Amino acid sequence: MSDFRQAEAVTETETVATPVTEEVEEEVQKPTEGPPPGATTSLWSDAWKELRSSPLFLVSLGLVVLFIVMAIVPQLFTSADPRACSLSNSLDRPSSEHWFGFDLQGCDYYARTIYGARISMAIGVSVIAFAAILAVILGSISGYYGGWLDSVIARLTDIWFAIPTILGGIVILSLLGERGFFQVSFVLVILGWPTMLRLYRASVLAVKEMDYVEAARALGASDFRILFKHILPNAITPVIIYAAISVGVIIAAEAALSFLGVGLQLPAISWGLMISGAQTRILQAPHLLLFPGLLLSLAVFGFILMGDSLRDALDPKGR
Amino acid sequence: MIRRVLQFVPVFLGATFLIFALVFLIPGDPIRALSGDRPMPASVQQALEARYNLDKPLWEQYFLYVAGVVQGDFGEDFRGREVTDIMAERIPVTFKLAMYAFAFEVVIGIAAGIMAGLRKGGFIDNLVRISTLVVISIPIFVLGFMAQLLIGVRWGWLPVSGLGDGFKSYILPAIVLGSTSLAYIARLTRTSLAENMRADYVRTATAKGLKRSRVVGVHALRNSLIPVITFLGVDLGSLMGGAIITEGIFNLPGLGNAVFRAVVQQEGTVVVGIVTFFVLVFLLSNLLVDVLYAVLDPRIRYE
């Protein structure tokens, strides 16, 4: 699964320019002194106006909300228990009562597929949240202070970057005897942080030259205040866009690792594991492959589409 | 230029050391595992450990290993087979697979990107935008099984497993492997071309009466392909790495297949050898891209 690296290549080239353009907008605002409070047209409120009328964004929002609800309260979607199985139903085809049929153990496949959303979403969201926090902290240090620390961090990211994601994941995860939510998330964070760090560092480099940063420094603001109060809000946009796309990519990567047998382990209910179990019975029971594959793809699609429409709205170049 | 090449060395050493350290931290004693249930005489165990340098500290093992790699010696596995032999046998398969996938994604991806980018907002543009997102969203193993099930088994158009049919055996795996990158290439080309078509130099070229094919093909495209080429450099490396899943699904005896089996069997030297090879390919293709840059964009110079 090479998407991870590819997504970053795409977002990197397409979004690095965003912080600069954002500044342009702010500068444009300055002459119109004192707009009434609440009526400011910031980049985000502009973007929101555009997003509200974009059908693609609304579709992605619908999908993302759907999967979040599915992860938190799967009971809303199914009353069946995914762990209550009866071997007499083994491999039954989909029917009007049991839409997705049954798996080898005779468990209701619809219930299992719905419950499978939970761990995928949890891993996707928490991995990206951690990677983003790491990226902001290290990227601030690296981009703002520069110097030898910057060089060390840059070389370290170069090294991590050279290791293919899935390959690195296989090697590290195979070392761990027990692999659950924490182990898989941990590995995906350490393989995923360098890209976000690079994005944020580049963004900090562009923003720190701005006049208002200079002004804050002249007023005696501490480095900490400058970094988090002035630079962060203006430099975070590319990271947010990339994060939305990456949640999808991480969900796919987790499924790929579980599929290969080095990710989550049974009895966890995960789409990757379900597809892995389906592969030997692909002819006999194609529904075992189809349904988790479909939901997995839809979840990934939702996040990638959201990142894509966010970028269109936040990057004024494309207008 | 020379500086760029020199940078390559520490990154290569760092990445291989990382992999090396990780692999040899695998818990469990591979030497003892060789003899199965019956305990091995202590002297035999010591002799074997000495033979594979396992009795030395990690950094020394690594040093000896790199010294060997530089001389083309990747060590041997625990059955005494040279890792270079294992690799030599499998590299052609993975290389062919990656090359077919690469050709497929470059040709179709750039063509789709040009068609979409020239008429931004048109029908083809929207078609390309949505279909590429759909392709990106389907994980490669789901796509692989679907292709196998429908094209291979149900309709019987192409072989689905092994290498029995020569070139034909590679078609389906290469399409599956290249599909995600194809979508990225199409999107990159589209964005970049649409942006360049509005640039002043394109207007100038049109104004001085050049044919549209020349304006697009020579003036706009040359600049538009720069981000695409950056991507291709990263992609060539990840195609090789991504081959693990594709080779597994289509049962091709390539490097990805070998490395996966080696991880499971704790064949440390094989894992490190193949991963080192992947890292090398990845770094070299990035290096190549940096050189190509200067050719495509004369504004970029290396001191």
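Modeller: B:Asn251 is partly exposed, because 13 other C-beta atoms lie within 10 Å, and a residue counts as exposed at 12 or fewer and as buried at 20 or more. The model is a predicted one. The phi angle of B:Asn251 is near 55°, a positive value in a residue other than glycine. In chain B, B:Asn251 sits in the loop that links helix H10 (212-249) with helix H11 (255-264).

Among the buried residues of H11(B) are B:Leu255, B:Ala258, B:Val259, B:Phe260 and B:Val263. Beyond H11(B) comes B:Gln266, which also has a positive phi, near 55°.

B:Val259 leads on to the nonpolar core. The largest such core has 165 residues, and B:Val259 is listed with A:Ala135, A:Met196, A:Ala256, B:Val271 and B:Val275 as having the most contacts inside it. H11(A) supplies the largest share of this core, 17 residues. Apart from neighbours within four places in sequence, B:Val275 is in contact with B:Ile19 and B:Val259, and also with A:Leu167 and A:Val171. There is also a second, separate core of five residues, including B:Ala194, B:Val215, B:Val216 and B:Ala220. In soluble globular proteins, nonpolar side chains tend to be buried together.

B:Arg203 belongs to helix H9 (residues 200-207) of chain B. B:Arg203 is exposed, because 12 other C-beta atoms lie within 10 Å, and exposed means 12 or fewer.

Next, the meeting of the two chains. Here 42 residues of chain A are in contact with 49 residues of chain B. On the chain A side, the elements that give two or more residues are helix H1 (3-15), helix H6 (147-161), helix H7 (165-175), H11 and H13. H13(A) gives the most, with nine residues. By type, the chain A side divides into 27 nonpolar, eight polar and seven charged residues.

H11(A) and H13(A) also pack against each other. Two packed helices are described by the angle between their axes and the distance between the axes. For helix H11 (residues 237-260) and helix H13 (residues 287-314) of chain A, the angle is about 165° and the axes are 9 Å apart. The two helices are therefore roughly antiparallel, a description used for angles over 145 degrees. H11(A) passes H13(A) in a left-handed crossing. Their contact includes A:Ile241, A:Ala244, A:Gly248 and A:Ala252 of H11(A), and A:Val300, A:Phe303, A:Gly307 and A:Arg311 of H13(A). The contact residues divide into 15 nonpolar, three polar and one charged.

Last, chain A as a whole. Chain A contains 13 helices and zero strands. Buried residues make up 51% of its 319 residues. Of the contacts in chain A with a separation of 6 or more, 73% are between residues 24 or more positions apart.

Key
Residues are numbered from 1 along each chain as its sequence is written. Chains are lettered from A and ligands numbered from 1 in the order in which they are written. This is a predicted model: local features need pLDDT of at least 70, side-chain atom pairs count only at pLDDT 80 or more; totals for chains, interfaces and linings use all residues. Axes are lines fitted to C-alpha atoms, for helices over the stretch in contact, and angles run from 0 to 180 degrees between N-to-C directions. Helices (H or I, at least four residues) and strands (E, at least two) are DSSP runs, numbered from the N terminus. Angles under 35 degrees count as roughly parallel, over 145 as roughly antiparallel, 65 to 115 as roughly perpendicular and the rest as oblique. A crossing is left-handed if the near helix is turned anticlockwise from the far one by less than a right angle, and right-handed if clockwise. Two residues are in contact if their C-beta atoms, placed from the backbone, lie within 7 Å. Ala, Val, Leu, Ile, Met, Phe, Trp, Tyr, Cys and Pro count as nonpolar, Asp, Glu, Lys and Arg as charged, and the others, Gly among them, as polar. A nonpolar core is a set of buried Ala, Val, Leu, Ile, Met, Phe, Trp, Tyr and Cys residues joined through C-beta atoms within 7 Å.
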